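Thanks for making time. I'd like to walk you through one structure, element by element. Here it comes.

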Amino acid sequence: MSEKNHRVSRRQFLNYTLTGVGGFMAAGMLMPMVRFAIDPVLKAGTDQDMVAVCEESELTNEPQSFNFKIEQVDGWYESEEPRTAWIFKDDGGNIVALSPVCKHLGCTVNWGSDPANPNMFFCPCHYGLYEKSGKNVPNTPPLAPLDVYEHKVENGTVYLGSAKPKGEA
């Protein structure tokens with residue numbers, strides 16, 4: 001082949017050069033915008049901070065429902081999310097904090113609301129039952145125990161963290 005067939009004309013050279021420079025400039029302008037748009041999604045999630053819920057002196061052997069709020073960040077949106085916990089002292093005087101979310105379909109369980117089972121957590125959606133400890137009753141819809149909140153007591157105040165499956169908390 002002759003060299004004439006492989007030569008680039010001035011017009012083609014300028015076209016290639018301007019297209020390349022324009023592409024680099026466009027990438028330079030778009031990259032910060034793309035980074036800004038996806039950066040919150042790429043950030044690693046953090047564990048929930050401990051939140052003051054109640055005074056230890058308020059707790060009895062009977063489970064009580066306590067409402068509290070946590071700070072939640074979803075990408076760019078920050079909000080206060082309401083939560084509830086069933087908190088009581090077991091026979092050994094240890095504090096137990098259970099999530100009210102049924103492990104069957106996510107309904108809310110209540111303490112002692114079923115007349116046939118007065119000392120159990122009851123899920124009215126599909127008649128799920130949990131023992132006082134949060135353990136699911138066999139042959140009822142829930143397949144796992146209620147989640148347990150991480151907790152600590154400082155200066156007589158009970159603080160709760162995130163709810164985790166019973167074996168992990």
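**A walk through the model**

Start with Tyr 16: this residue is exposed, because its relative accessible area is 56%, over the 50% cut-off. Keep in mind that this is a predicted model. Tyr 16 sits in helix H1, residues 10-42. Val 8, Phe 13, Leu 14, Tyr 16 and Leu 18 make a nonpolar patch of about 580 Å².

Next, the sheet. Three strands form an open sheet, in the order S5-S6-S7, with antiparallel pairing. Which strands are at the edges? Strand S5 (110-111) and strand S7 (128-130), each pairing on one side only. A quick reminder: strands of a sheet pair through backbone hydrogen bonds, either parallel or antiparallel. Strand S6, residues 121-123, pairs with S7 over 3 bridges. Within that pairing, Phe 121 has Tyr 130 in S7 as its bridge partner.

Move on to the loop between S7 and strand S8 (148-154), where we find Thr 140. Buried or exposed? Thr 140 is buried, because its relative accessible area is 17%, under the 20% cut-off. A polar atom of the Thr 140 side chain lies 2.6 Å from the backbone oxygen of Val 137. Leaving aside neighbours within four places in sequence, Thr 140 contacts Tyr 127, Gly 128 and Leu 129.

Now charges. Side chains of opposite charge can pair when their charged atoms come close. How many salt bridges are there? The count comes to 4.

One is Lys 89 with Glu 56, at 3.6 Å, N to O. Lys 89 lies in strand S3 (residues 77-89) and Glu 56 in the loop between strand S1 (51-55) and strand S2 (64-74), so this pair ties together parts that are 33 residues apart in sequence. Glu 56 is partly exposed, at 26% relative accessible area.

Another is Glu 150 with Lys 164, whose closest N and O atoms are 3.2 Å apart. Here too, distant parts of the chain are linked: Glu 150 is in strand S8 and Lys 164 in strand S9 (residues 157-164), 14 residues apart. Glu 150 is partly exposed, with a relative accessible area of 26%.

Then there is Glu 154 with Lys 152, at 3.3 Å, N to O. Glu 154 is partly exposed at 39%. Lys 152 is partly exposed as well, at 34% relative accessibility.

That's the tour. Questions, please.

Methods
Residues numbered from 1 in each chain as written. Predicted model: local features only at pLDDT ≥ 70, side-chain atom pairs only at ≥ 80, totals over all residues. Heavy atoms only, no water. Patch = residues over 30% accessible without salt bridge, like charges linked within 9 Å, V, L, I, M, F, W, Y side chains within 5 Å. Areas by Shrake-Rupley, 256 points an atom, 1.4 Å probe, with all protein chains shown as cover. Salt bridge = Lys/Arg side-chain N within 4 Å of Asp/Glu carboxyl O. Helix = DSSP H or I, 4+ residues; strand = E, 2+ residues; numbered from the N terminus. Buried < 20%, exposed > 50% of the residue type's maximum accessible area, 1.4 Å probe, protein only. Pairing = 2+ DSSP bridges. Polar contact = N/O pair within 3.5 Å; in protein donor to acceptor, adjacent residues only side chain to side chain. Contact = heavy atoms within 4.5 Å.
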